[in-house]
Amino acid sequence: DDFVVLRSDGSGIRVDAQPDTAPRLIRPAGDPASALSVAPAAASLVVATPSGELEFWSVDPPARTGSIRMAPAVPTAVVHAADGAAIHVGDASGTLHGWSIRSGASLGQIAAHQGPVLAIARSTDGTQLLTGGTDGTARLWTSEGGALHPGPVLAHEAPVEAVAFDGSGLTLVTLTRDGVLHLWDRLAGKELAAMPTGLAGS
């Protein structure tokens, strides 16, 4: 499968899984970017910028198709809803926002973390979100009728920089700044394993 890479110069490139295919530029270099999410059908993406803007881009052909201004909020993490019609965005204050892509309307917001949101992941069935923050917690959220309802809080000893659901949706995966990979039982909210990776961040 193809995948999209966000580079340090702010550019976004689409990389084909075929080794002899050259990467294709989607978003040109220039404006900084803080987060990226690719829509479920991989036909579009959203790029969050430190200036408080959410940029929408089509992938083929590459073109900017719209934007939402969040400022003064500073987006730090973003993920598409399962149907691709909305996005969830975490910001530097720890707030989690919902936005309609079609209308640009706010779908509400909720306090998620005591500090910046560093990561967001969506479950395969689209009914749950997992967020991680600088406060050393990961939080599970259930989506019902567009509203987010808080679930278990998973406590860590370092900021949570990456989160994911496994393929079954029954195991949660978190990576903390000290380089430890954690596995959690989603239903019980209990830690299953903690494995040092040697990939400690700054």
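1. The side chains of Ser37 and His80 form a polar contact at 2.7 Å. The term covers a pair of N or O atoms within 3.5 Å; within protein, one must be able to donate a hydrogen and the other to accept it, and residues adjacent in sequence count only if both atoms are side-chain atoms. The model is predicted: local features need pLDDT of at least 70, side-chain atom pairs count only at pLDDT 80 or more, and totals for chains, interfaces and linings use all residues. Side-chain values use heavy atoms, with hydrogens and water left out, and residues are numbered from 1 along each chain as its sequence is written.

2. Ser37 belongs to strand β4, residues 35–38. Strands (E, at least two residues) and helices (H or I, at least four) are DSSP runs numbered from the N terminus. With a relative accessible area of 7%, Ser37 is buried; buried means under 20%, exposed over 50%, and partly exposed in between, for a 1.4 Å probe and protein chains only. Setting aside neighbours within four places in sequence, Ser37 is in contact with Leu45, Val46, Val78, Val79 and His80, where contact means heavy atoms within 4.5 Å.

3. Strand β4 is part of an open sheet of four strands, in the order β4-β5-β6-β7 with antiparallel pairing. At its edges are β4 and β7 (63–69), each of which pairs on one side only. From one strand to the next the twist averages 20°; axes are lines fitted to C-alpha atoms, for helices over the stretch in contact, and angles run from 0 to 180 degrees between N-to-C directions. Two strands count as paired if DSSP finds at least two bridges between them.

4. Within this sheet, β6 (residues 53–58) and β7 run antiparallel and are joined by six bridges. Glu55 has Ser67 in β7 as its bridge partner. The loop between β6 and β7 contains Pro61, which counts as exposed at 57% relative accessibility. Its C-alpha atom is 32 Å from that of Val117, which is 56 residues away along the chain.

5. Two cis peptide bonds deserve a check. The bond from Asp60 to Pro61 is cis, with omega near 5°. Ala71 and Pro72 are also joined by a cis peptide bond, with omega about 15°; Pro72 is found in the loop between β7 and β8 (75–80). Most residues other than glycine have a negative phi, and most peptide bonds are trans.

6. Trp99 has Ser106 in β11 as its bridge partner. Five residues lie between the strands of the hairpin, where Gly104 takes a positive phi near 75°.

7. Overall, the protein has 19 strands and zero helices. Its radius of gyration is 17 Å, which agrees with the value near 17 Å for a compact globule of 202 residues; the radius is taken over C-alpha atoms, and the globule rule is 2.2 Å times the number of residues to the power 0.38. The C-alpha trace spans about 45 × 40 × 30 Å along its principal axes.

8. Of the 202 residues, 43% are buried. The protein exposes about 9900 Å², of which carbon and sulfur atoms supply 54%, by the Shrake-Rupley method with a 1.4 Å probe. Among contacts between residues at least 6 apart in sequence, 28% join residues at least 24 apart.
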